[in-house]
Amino acid sequence: MDPFSISVGAIGITEFALSSISKLRGILDGLEEANDVMQDVTFELEAIRHPLSTLEDLQISDEPTYLAAKQDLERTGIAKAVNKCGQACDKFSKRLEKWTKHSNTTELSIRDRLSVGLWNREKIRTFRMQVHSCQSIVQFAIDSAQLYVI
């Protein structure tokens, strides 16, 4: 690695989102009985984790290119979108913990099953759309940043 080889992860735009996704994924993994309801959420989380990791690991070989890529990512709102994704995951984690507070890790109570599967269906759908939107924006950022590298 040459002295100017810098990863985009050093910009610091992906750390919060990736940690929020991991936390939410841990909560979802603990709700075995909610797999049928949360399967789409899990799919969206996996779909966003890969491009975020790719963006974080993207290597830029020199300082001027790094600075140009950083400015582009900030100017286009990528950092803001990724941060919003992290905030959405954090907020959804808290909601999910609230919705399942009457259950344990192996069994959902009837009340919590209704809360997750029926009463809050629209909030779950909205969250999935937020994560999907962020995934599209991040993929665009990766494509744009790779143009700088080439």
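Tutor: A residue counts as buried when its relative accessible area is under 20%. Please keep in mind that the model is predicted. In the whole structure, a search finds 2 aromatic pairs. In one of these, the ring centres of F92 and W99 lie 5.8 Å apart and the planes meet at 85°, so this pair is edge-to-face. F92 has a relative accessibility of 2% and therefore counts as buried. W99, at 9% relative accessibility, counts as buried because this value is also under 20%. F92 also pairs with F127: the two rings are stacked, with 4.2 Å from centre to centre and 5° between the planes. This pair links distant parts of the chain, since F92 belongs to helix α4 and F127 to helix α6 (residues 121–149), 35 residues apart. Both F92 and F127 are buried. Together, F92, W99 and F127 make up one aromatic cluster.

Helix α4 (residues 78–99) and helix α1 (residues 15–30) have axes that come within 8 Å and cross at roughly 25°. The angle is under 35 degrees, which means that α1 is roughly parallel to α4. The crossing of α1 past α4 is left-handed. F92 is among the α4 residues in this contact, as are V82, C89 and L96, while α1 contributes residues including F16, I21, L24 and L28. By class, the residues of the contact of α1 with α4 comprise 10 nonpolar, 5 polar and 3 charged.

Key:
Residues numbered from 1 in each chain as written. Predicted model: local features only at pLDDT ≥ 70, side-chain atom pairs only at ≥ 80, totals over all residues. Heavy atoms only, no water. Axes fitted to C-alpha atoms, helices over the stretch in contact; angles between N-to-C directions. Helix = DSSP H or I, 4+ residues; strand = E, 2+ residues; numbered from the N terminus. Parallel < 35°, antiparallel > 145°, perpendicular 65-115°, else oblique. Left-handed = near helix turned anticlockwise from the far one by under 90°. Contact = heavy atoms within 4.5 Å. Nonpolar A, V, L, I, M, F, W, Y, C, P; charged D, E, K, R; others polar. Phe/Tyr/Trp six-rings, centres within 6.5 Å; stacked < 30°, edge-to-face > 60°. Buried < 20%, exposed > 50% of the residue type's maximum accessible area, 1.4 Å probe, protein only.
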